[in-house]
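Here is a short report on aromatic rings and surface charge in one protein. Look through the sequence and structure first.

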Amino acid sequence: MELVLPESIVQMSVGTEYVLFRAGSGHAWIAGGDDGRRAGKLRRLTTVNRRKTQSISSAAGSYAYVTDNGRVYVGGRHGMSVYPETGQVLGLDGTHMASIALGKTHAVAISKQGYVYTWGLNNLNQCGRTEQAPSSSTASPRRRGSVVACEPSEHLFVKDIPSYCAQCGLCSARGSACPLPAFTRKTGTCTCGPGDTTCLRCGLCRACGESIQQRPAGDTPTRTHLAPARVTIVKNQQNVKVSSVSCGNFHTILLAADGSVFSFGSNCHGQLGTGDVRSKIEPQLVVLPPDVQVVQVAAGANHTVLRTSLGAVFTFGAHKMGQLIRSPEDGNYWHATPGRVPGFGPGYESFATWIGAVGDATLIHSHTALIHAEDVIDAQLVASKYDLFIFPRQVGKEYVAIRRKHGCFAHHQLGPSGLYTSWCLESRYDILWSYNAAEMRVQANSIHLATAKEVPSDRMDSLAFLRSPEWAVPLESPIHCSSTQLGISLLSCTYAAATITKGKLWNEKDFLNSPDHAASPSGGRSVVCRFESTGGGWGYSAHSIEAIQVKASKDIRLLGIGLYGGRGEYIAKIKLFRLPSDVSDEQCAELLSESDETLYDCGQRETAALIGPSSDCGATGRRVVECDDVTFTFRNSAISNNGTDVNVGQIPELYYQVVSPSGEGASSDDEKPDDYASSRLFSSSSMDTVSPCAFLALLRVLDWSLSRVFEFHCEGDQRLWYTERAAATSLVVMRILSRYVLLVYRTNGDNDEPCMGFADAVVLLHSALLTMFDRANDCVLEEVS
């Protein structure tokens, strides 16, 4: 099923009953839930005061979102303390949240400063902290040992996977009749089959919750339902920043800004990655190989998936459904230790660019490396200013064509003949020459075609034959060619123009009325880079801001900002400020423009708030850079909180256009528009005008080309070459004449009678065709005799 939304989606969350989508503009959509007539239908999520959302999450029967003012709201079926009118979570006043993740009975949020807050049911330590209930001299009748029990009317039991009671330790669904042996029972969920869960608030089974038992005097109970509070990630360290979080049913995975991974909560399936199946009250550091840097984490129901900066994938936790994607190893707790998934990362042709986990499923989006570094060393490389071709010298390897000017690449199968072939690129004509040593054959290929022979159906509106090397037009100046070649090139361009204006490629009316045409800059574009080299390992968190000050010696129009990537998907939001003077405080800066959150993914290689895995970064920065007669001066910004400054960091490039004194962009003779329609050298109306003189001129060209076909006296390959060129010229002339005849003598509609000049030209065309057929028949008879 294809879902069409009016805006680009940057985040999606799927739960048992709800599905949420968030766009870069901050708008959100929701589907599912019991909402009367709209149940199951996609609808706009209505936020309080129409605030924009900056994070969404859904799990079990509830959903949550964070607005741009840092408030957290929860909806659906849940046991959290919220304002009944709005659904805002109680206990987070004064804390600005940036993102949120929901588990089955708990919630985890990250503040703007990178701190972690948890709340909800904590019967399996899924909140990562403990709280003691206030002691009282009078024993409460609603205490069960060391557990604070709900009132009889406040218990919340649901039909789902049963778990073990926090009081008696028995299965919440079948109690002592549970078929599992007693020595296999642990804290967590029970695998005996579906049934009643423990109370989602206090963690007691139905039998213990409905009975009356006095708590022993002097016993201090532990709270099982916690209010929002901050979690200490590492003891005695208060400045550990967290960039992202993911929640399973009853466990939580944290990714710190430095790439470290922490986990806490239920561990009955080894989903915490600590090498055992014991539950952990406090966050635990997941031990990984020293050369591994994690950039993304994902938690399923009872398993965990990690993705590294090099595209490798590690998994641990529940494995009976195959969600770990790796074979069992020796030892009882092999699944409780992080293990690498084969097929991704260094040593393999594929590398993961995104991971996800939901329920007992694991999702991996990967790219396949077409060519490796060791292959490039032995390969043959040919390149020009705009194109690069890599031809591996191995059977079965595909060659790669990189089109730098168009920002794209392609790969094609070459076959065994590639082992004996040498290549040469003639950049002036976009022709790739090949020499096959085994067959002693030289061949010319157009760089725009995947194969040397691409012959589509021969239609009158087809321009495919013009791609052959014989019709190549020089691309660089100075140009030196014969008058014959120049005339043939002009003739082919005329035919192409007539074909384009009558075909689907041309829609002049829509182009002129489009907003892109009115808003497109008329002049050239320039780019300034402030770094001399690149580095790697530049990490981000939910509160990362990269900023730099820049001053230009001339008035410019800022067209875009370059950002580093290279290791997955990133979300960026760009803001442009203006300072009143060089000595002004940045707190007094004026906001000029602000973009929506944008999801981007780029290859390795202003103020911008980034969220995503670690990326490349710039190094050896320059404070003063000159580009196209414009001097740019860069200075450090106090707003930057992630390390970007003049010397290192993000925001490597600025795309700009110099503004002329009249306020328009300066034109550049070197910059040519990519779209043929924007050149406006001709229009569809100009190609509709035909005169008898044009007919007669084309007939003279046709007569010249036919005479070269039938009367050329050179011998050998030179004669064959000239004959083929003359025949191709005749073909183009006849195609143009056929269009002009149909234009003058229209078959539909009432038209004025053409003048006698057109009639005389058509008679001459008829005579030329008869002469051509007679000469062709004579040639055939000569060859037979």
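The report covers the aromatic pairs, then a charged patch.

This is a predicted model: local features need pLDDT of at least 70, side-chain atom pairs count only at pLDDT 80 or more, and totals for chains, interfaces and linings use all residues. Residues are numbered from 1 along each chain as its sequence is written, and side-chain values use heavy atoms, without hydrogens and water.

**Aromatic pairs**

The structure holds nine aromatic pairs. Rings of Phe, Tyr and Trp (its six-membered ring) pair if their centres lie within 6.5 Å; planes under 30 degrees apart count as stacked, over 60 as edge-to-face and the rest as tilted. Two of the pairs are set out here.

| Pair | Centres apart | Plane angle | Type |
|---|---|---|---|
| F391 and Y399 | 5.2 Å | 25° | stacked |
| F695 and F758 | 5.8 Å | 85° | edge-to-face |

F695 lies in helix α7 (residues 692-711) and F758 in helix α9, so their pair ties together parts 63 residues apart in sequence. Helices are DSSP runs (H or I, at least four residues), numbered from the N terminus.

F391 and Y399 are both buried. Buried means under 20% relative accessible area, exposed over 50%, partly exposed in between (1.4 Å probe, protein chains only). F695 is buried at 1% relative accessibility, and F758 is buried at 9%. One aromatic cluster is formed by F389, F391, Y399 and W423.

**A charged patch**

D774, D778, E782 and E783 gather in a surface patch of negative charge. Patch residues have over 30% relative accessible area and no salt bridge, with like charges joined within 9 Å. E783 belongs to helix α9 (residues 756-784). Its relative accessibility is 70%, so E783 counts as exposed.

Note on methods: Patches are made of residues with over 30% relative accessible area and no salt bridge: like charges are joined within 9 Å, nonpolar side chains (Val, Leu, Ile, Met, Phe, Trp, Tyr) within 5 Å. Accessible areas come from the Shrake-Rupley method with a 1.4 Å probe; for residues, only the protein chains shown count as cover. A salt bridge is a side-chain nitrogen of Lys or Arg within 4 Å of a carboxyl oxygen of Asp or Glu. Lys and Arg count as positive and Asp and Glu as negative; His and the chain ends are not counted. The place of a charge is taken as NZ of Lys, CZ of Arg, CG of Asp or CD of Glu. Helices (H or I, at least four residues) and strands (E, at least two) are DSSP runs, numbered from the N terminus.
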